[in-house]
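Reader: I'm new to reading protein models. Could you walk me through one, feature by feature?

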Amino acid sequence: MVPPGSVPLDYQRFRDEPMELYRELLRDHGPVVPILLDGKIPVWTVLGYREVVRVTTDPNLYARDSRRWHAWHLVPPDWELTTFVGYRPTMLFSEGADHQRRSEAICDGLAAVDQFELRAGCERVADQLIDTFAGSGRADLVAEYASQIPLRVVTRLYGLDDTESAAIQDDSLHLTGNDAPVALQKMQTRMEALIKRVRENPDQVNVAAHLVSHPAGLTDDEIINDLLGSIYAVQQPTSDLIGNALRLMLTDERFAITLSGGRRSVGQALNEVLWENTPVPFWIGRWAADDTMLGGRRIRKGDCLMLGLAAANADPDVRPDFHGAGGNQAHMAFSHGKHGCPPAAREIAEVIATAAIEVLLDRLPDVTLSVPADELEWRVTLMMRGTAALPVEFTPTHLH
């Protein structure tokens, strides 16, 4: 059932002027808006900050199992979001006691990561990547740097070696479109081999070994699915966090002043990006487990709710001037509640992003854009917003 008064999503404005679009929707339609995706797929878009908090703190009413959705028959077989919305037996779609058991295991595994080793690993990967282009004096910091870092770091934390990590990174590039089933099967096979190796060598110290030995008693299938789910969650958002922050620092005069020595500005840039250009503007989603009211709207059992994380950041009821977030970290970039990004995962993402940017600035202190700032483009999908390319130039340097 399509709610009356549904509004087609203006994809052009969503790409070019998202904050203005969010404010207009909030003003004209309120904090919960019936939106049509791709012309006919109905979702409730939750734009208000308070409403996003309400939805994410009530997982029993606003549940995660997408099999509840009554509009699957309207979804085309090649829908770009099927990879992220279609039910899979991962922690991301689990509920109740099952979710609690599995989330505790993965959270404990991530929390056990040694922060000093993590930072050192990030720096090592960053240095290796910079070595590949440092002598040329030119690079695309998205394709050659930001997009290469998260998976290399995280898969090593899981217990994969460099060759396996590179293979999974290649597979992850094919998780949308017609190649998705084959790519997913390849990734699953690699994870099966990892778990088999961990069980044969129980003294290993890595996230996979922690999950295998965790008192939650996870099955191999549960571990494999949850590790794969975390790969989806970490790669593109963290890559875009790095790229978007570098874009900000290279184009905004507030950061340009301290760029060559600006370690103190890296944290400010990351926080501003999480408020203003969060890598995950929308997240689908939640599915109503019963009829309810939200933001003055009647939500029916089985309705899909899309969380407007970027819109919540711009909600005038909580942020009237839309600027000056400063050190405030109450943004919704990592969502909220039991199904939000776990605190340990947020810390890992922030360590990776901070290290990536700081190493780059240390190695290439005079890095500047090689094109006018207004020529930079965004790579935008409904659930991801990142800098498409970041061409730069710098004084060529020797290998590290």
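Author: Let's go through salt bridges, helix packing, cores and a few backbone details.

Author: Before that, some ground rules: this is a predicted model, where local features need pLDDT of at least 70, side-chain atom pairs count only at pLDDT 80 or more, and totals for chains, interfaces and linings use all residues. Residues are numbered from 1 along each chain as its sequence is written, and side-chain values use heavy atoms, with hydrogens and water left out.

Reader: Okay. How many salt bridges does the structure hold?

Author: Side chains of opposite charge can pair when their charged atoms come close. The cut-off used here is a side-chain nitrogen of Lys or Arg within 4 Å of a carboxyl oxygen of Asp or Glu. By that rule the structure holds 23 salt bridges. Take Asp 65 and Arg 67, whose side chains meet with N to O at 2.8 Å.

Reader: Is Asp 65 buried or exposed, and what about Arg 67?

Author: Buried means under 20% relative accessible area, exposed means over 50%, and partly exposed is in between, using a 1.4 Å probe and protein chains only. Asp 65 is buried at 12%, while Arg 67 is exposed at 54%.

Reader: Which residue does Arg 197 form a salt bridge with?

Author: Its partner is Glu 164, with the closest N and O atoms 3.0 Å apart. Arg 197 sits in helix 9 (residues 180-200) and Glu 164 in helix 8 (residues 162-172), so this pair ties together parts that are 33 residues apart in sequence. Helices (H or I, at least four residues) and strands (E, at least two) are DSSP runs, numbered from the N terminus. Arg 197 itself is partly exposed, at 27% relative accessible area.

Reader: And what separates Lys 196 and Glu 200 in helix 9?

Author: They are 4 residues apart, which is about one helical turn. Lys 196 and Glu 200 form a salt bridge too, with their closest N and O atoms 2.7 Å apart. Both Lys 196 and Glu 200 are exposed.

Reader: Which residues are linked in a network of salt bridges?

Author: Asp 98, Arg 101, Arg 102, Glu 222 and Asp 226 are. To place them, look at how two helices pack. Axes are lines fitted to C-alpha atoms, for helices over the stretch in contact, and angles run from 0 to 180 degrees between N-to-C directions. Helix 5 (residues 96-111) and helix 11 (residues 220-251) pack at about 75°, their axes 11 Å apart.

Reader: What do you call that arrangement of helix 5 and helix 11?

Author: Under 35 degrees counts as roughly parallel, over 145 as roughly antiparallel, 65 to 115 as roughly perpendicular, and the rest as oblique. Helix 5 and helix 11 are therefore roughly perpendicular to each other. Contact means heavy atoms within 4.5 Å, and here Asp 98, Arg 101 and Arg 102 of helix 5 meet Glu 222, Asn 225 and Asp 226 of helix 11. That contact has no nonpolar residues, 1 polar and 5 charged. For sorting, Ala, Val, Leu, Ile, Met, Phe, Trp, Tyr, Cys and Pro count as nonpolar, Asp, Glu, Lys and Arg as charged, and the others, Gly among them, as polar.

Reader: How many residues does the largest nonpolar core have?

Author: A nonpolar core is a set of buried Ala, Val, Leu, Ile, Met, Phe, Trp, Tyr and Cys residues joined through side-chain atoms within 4.5 Å. The largest has 79 residues, and Leu 141, Tyr 145, Met 191 and Leu 227 have the most contacts inside it. Helix 11 gives the most to this core, with 14 residues. There's also a second, separate core of 32 residues, including Met 19, Leu 37, Trp 79 and Leu 382.

Reader: Leaving aside its neighbours within four places in sequence, what is Leu 141 in contact with?

Author: Its contacts, with those neighbours left aside, include Phe 133, Leu 246, Leu 360 and Val 392.

Reader: Where is Thr 387 found?

Author: Thr 387 is in strand 12 (residues 384-387), and at 2% relative accessibility it counts as buried.

Reader: Last one: which peptide bond is cis?

Author: The one from Ile 284 to Gly 285, with omega near -5°. Gly 285 lies in strand 6 (residues 282-288). Look at Ser 335 as well: it has a positive phi of about 65° although it is not a glycine. Ser 335 lies in the loop between helix 14 (309-313) and helix 15, and is buried at 12% relative accessible area.
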